[in-house]
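Please read this briefing alongside the sequence and the coordinates.

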Amino acid sequence: MTRFGKQPARHKFFLNPHQDARFTSCPKCDGKTKLRKFPLFIHVNPLQPVVLNKSCRYCPYCDLIIAHQDEIEQQLAVLFMQQQPEVIGNDYLVIGTLDKADWRRSMKKPFNFEEMRDCLHDFKKVMSFEPTRYIWVKDDSK
Ligand SMILES: [Zn+2]
């Protein structure tokens, strides 16, 4: 995998396509996941890098970030609705994370493409899991 960002790779990542599995426990170690915000760097085709500060499920033991696909797509749609509705529905790739401080800087003064690359940490590994069980309870973390 070629690295896009210039910072060291970190975290494992799983984009969860299963709307009925919210992974309140880790699919890898079965420990409880925490709710944590990460500035996720997303590359939207054709050439539209965006950063979403997104609440994700996180397993500190496995260093695994789990983001729900439906939530990401909803946030992307809201974001592009105003400025570039023609981009909605294009493919996208969640590539890595930014440091909180860099993300805040980029909110004050938007980064150009090179500045983005300068502070981007690619994911170490992108994983995929099937839910081992579907949990039929209300997620009270929302
Ligand atoms: Zn785990």
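Which side chains meet in a salt bridge at 2.8 Å, N to O, with Asp102 as one partner? The side chain of Asp102 meets that of Arg105, where a salt bridge is a side-chain nitrogen of Lys or Arg within 4 Å of a carboxyl oxygen of Asp or Glu. This is a predicted model, in which local features need pLDDT of at least 70 and side-chain atom pairs count only at pLDDT 80 or more, while totals for chains, interfaces and linings use all residues. Residues are numbered from 1 along each chain as its sequence is written, and side-chain values use heavy atoms, with hydrogens and water left out.

**Overall build**
- The protein has three helices and seven strands, in the order β-β-β-β-α-β-α-α-β-β from the N terminus; helices (H or I, at least four residues) and strands (E, at least two) are DSSP runs.
- The radius of gyration, taken over C-alpha atoms, is 15 Å, close to the 14 Å that the globule rule (2.2 Å times the number of residues to the power 0.38) gives for 142 residues, so the protein is as compact as a globular protein of that length.
- Buried residues make up 45% of the 142 residues, where buried means under 20% relative accessible area, exposed over 50% and partly exposed in between, with a 1.4 Å probe and protein chains only.

**Salt bridges**
- The structure holds seven salt bridges, including that of Asp99 with Arg10, whose closest N and O atoms are 2.8 Å apart.
- Asp99 lies in the loop between β5 (92-97) and α2 and Arg10 in the segment before β1 (12-16), so the pair ties together parts that are 89 residues apart in sequence.
- Lys54 and Glu71 form another salt bridge, with closest N and O atoms 2.6 Å apart, and this pair links strand β3 (residues 48-59) to helix α1 (residues 69-83).
- Lys54 is buried at a relative accessible area of 2%, and Glu71 is likewise buried, at 19%.
- Asp102 and Arg105 both lie in helix α2, three residues apart, about one turn of the helix; Asp102 counts as buried at 15% relative accessibility, whereas Arg105 is partly exposed at 49%.
- Salt bridges that share partners join Arg22, Lys54, Asp70 and Glu71 into one network.

**Surface charge**
- Lys34, Arg36, Lys37, Lys100, Arg104 and Lys108 gather in a patch of positive charge on the surface, and β2 (34-44) and α2 (100-108) are the elements that give two or more residues to this patch.
- Patches are made of residues with over 30% relative accessible area and no salt bridge, like charges being joined within 9 Å and nonpolar side chains (Val, Leu, Ile, Met, Phe, Trp, Tyr) within 5 Å.
- Lys37, in strand β2, is partly exposed with a relative accessible area of 43%.

Key. Areas by Shrake-Rupley, 256 points an atom, 1.4 Å probe, with all protein chains shown as cover. Lys, Arg positive; Asp, Glu negative; His and termini not counted. Charge placed at Lys NZ, Arg CZ, Asp CG, Glu CD.
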